Amino acid sequence: MTTVLVHLDQLTRDHGALAGVAPGEVRVLMVRNLSMLRSRPWHVQKLHLLLTAAEHFAADLRAEGFEVALVDAPTLQVALAEHRRRHGAAEPIRSARPSSHAQVALLERLGVVQVDHTMFLTSAAEFTAWADGVRTLRMEPFYRRQRLRLGILVEGGQPVGGTWNLDAENRLPPPRSRYQWPTVLTDPLDEVDARVADWISRAGLTTWGEPPDGTWARTRTGARARLAHFIAEVLPGFGPYEDAMPADSWSVHHSLLSPYLNLGLLHPREVVDAALQRHAEQPVPLSSLEGFIRQIIGWREYVHGAYWWLGPEYRHRNDLGARASLPLLFTDPSRTDMACMASVIGDVRERGWAHHIPRLMLMANLALIAGVDPAALLGWMRAAFIDAYDWVMVPNVIGMGVHADSATMMTKPYAAGGAYIDRMGRWCRGCRYNPRLRSGDEACPFTTLYWDFLDRNAEALAGNHRMTRQVSARTRLADLPAVRTRAPAVVAGLVDGRV
Ligand SMILES: Cc1cc2nc3c(=O)[nH]c(=O)nc-3n(C[C@H](O)[C@H](O)[C@H](O)COP(=O)(O)OP(=O)(O)OC[C@H]3O[C@@H](n4cnc5c(N)ncnc54)[C@H](O)[C@@H]3O)c2cc1C
Ligand code: SF4
């Protein structure tokens, strides 16, 4: 009989190696690989979600009639050797293609047959056909092609509403008056969750963050309930406040669906269909509908395709030669006076999540303009986020976050000073720093480092026409010498927790 090896982030009956297979036709093997779990630190809620979702999935398969072994092993190699010893070396082991370059290479070495899966809307062949034919790897043309290819929000080959992208309507700062943010669903932890939490506490793993409290669903049923809640209550307001960072809501109008999509508990097609169906029955503003659909069929698919297309070496890119260590505030937010950073890192500690703008314009931006080694940020983000997996983290950090790839993915670096954070967030008034100042003790570290980044990298950015204006503006700053003096002191202070 064939054995199907189910990876812990491919918990799907319909789109992986279990698609179309009936109980009794295969054995199922799932492995808690201890060397992998011990090789790096984890947000405790991420680790818990990964392991408890696997336990729940295994229980569902057993209830369906499958023979399932969910085993602990020092390595995957040992687990497969033991499995082959027990069931015969001739028994084939098959799995869906795993989600990282390293795992693909490992399974090849271990003689596991890898089959394609349909966990994304875009196959590797489709992405390659597009990427091979374009001069630059940009998301927007990819997204338009996705809309046409998948027939989503198009009529007669044209975008519904007359424009492909309604982002211009989606950049509101937090509301000034009282605003009723959507509620967030939670599920109480069950017996399986408690058992897994206990296992983690005894397994000798390095963890970080607050313990699981039911913020994240652990089953497909729970994930479906979160999707239904998002579609009914949250989606209509998704667009306008997509970039806002208010003080009184951590989730804003975001879907909180990334953990379930990335584990295989939800499929992107069902998420898109649910949004379109809601719109057909009870219309939502097009800026919210299009904005959300772009995240799923555009950004998510683009990032996934780019990960495979750019290859295993892409993760090591560091084209701006950034060498600084990770600021201490990333692991200990009590070690900074920067009100914005203390707040968002505190949020990540609490639940392993922050929305796109804190990830991009606070955490990655700070690393970019302080010249932090991209590998250090990548390592921290992989350990910190509830939805972090290699395929999604590498392009988001290397390409989008810290522009370490000479504009292979993004047209320009997402670098910003304190003025942007002051406009889109609500922290600056209560902060010891002043977002408008570039130099002096009161100057906002973001503002100092932003101008220093442009100055330091003026040559590297010279060929980028989208940066010309900002780069040349620095030469008109009267206090540029003071910025140049202050910037290294700010970086040193960030590294040892004095800023
Ligand atoms: C530096 C950096 C690191 C990131 N790391 C991750 C990560 O480890 N895992 C992860 O899933 N996303 C990551 N993202 C993308 C994005 O920030 C998260 O997907 C999003 O914040 C998840 O919250 P949500 O489900 O409420 O998203 P929503 O705002 O509701 O968006 C809907 C969905 O769109 C998808 N999506 C949107 N943008 C992206 C993107 N850039 N890449 C991939 N999917 C996207 C996600 O599946 C998300 O669930 C990162 C972005 C940056 C800038
Ligand atoms: S002044 Fe600067 S450090 Fe302080 S909250 Fe504003 S952006 Fe953040």
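## Shell around ligand 1

Domain 2 (124-189 + 214-310) and domain 3 (316-495) each contribute at least three residues to the shell around ligand 1; the domain bounds come from an automatic or database domain assignment. This is a predicted model, in which local features need pLDDT of at least 70 and side-chain atom pairs count only at pLDDT 80 or more, while totals for chains, interfaces and linings use all residues. Residues are numbered from 1 along each chain as its sequence is written, and chains are lettered from A and ligands numbered from 1 in the order in which they are written.

Ligand 1 is surrounded by 27 residues, the closest being His254, Ser255, Ser258, Gln295 and His356 (near: C-beta atom, placed from the backbone, within 6 Å). At least two residues of the shell come from each of α9 (258-263), α11 (286-310), α13 (356-370) and α15 (390-401) (helices are DSSP runs of H or I, at least four residues, numbered from the N terminus). With 6 residues, α15 gives the most.

## Packing of α2 and α7

Helix α2 (residues 44-64) packs against helix α7 (residues 191-202) at an angle of about 130°, and their axes are 9 Å apart (axes are lines fitted to C-alpha atoms over the stretch in contact; angles run from 0 to 180 degrees between N-to-C directions).

The contact involves Val44, Leu47, His48, Leu51, Thr52, Glu55 and His56 of α2, and Val192, Asp193, Val196, Ala197 and Ile200 of α7 (C-beta atoms, placed from the backbone, within 7 Å).

Terms used
Contact = placed C-beta atoms within 7 Å.
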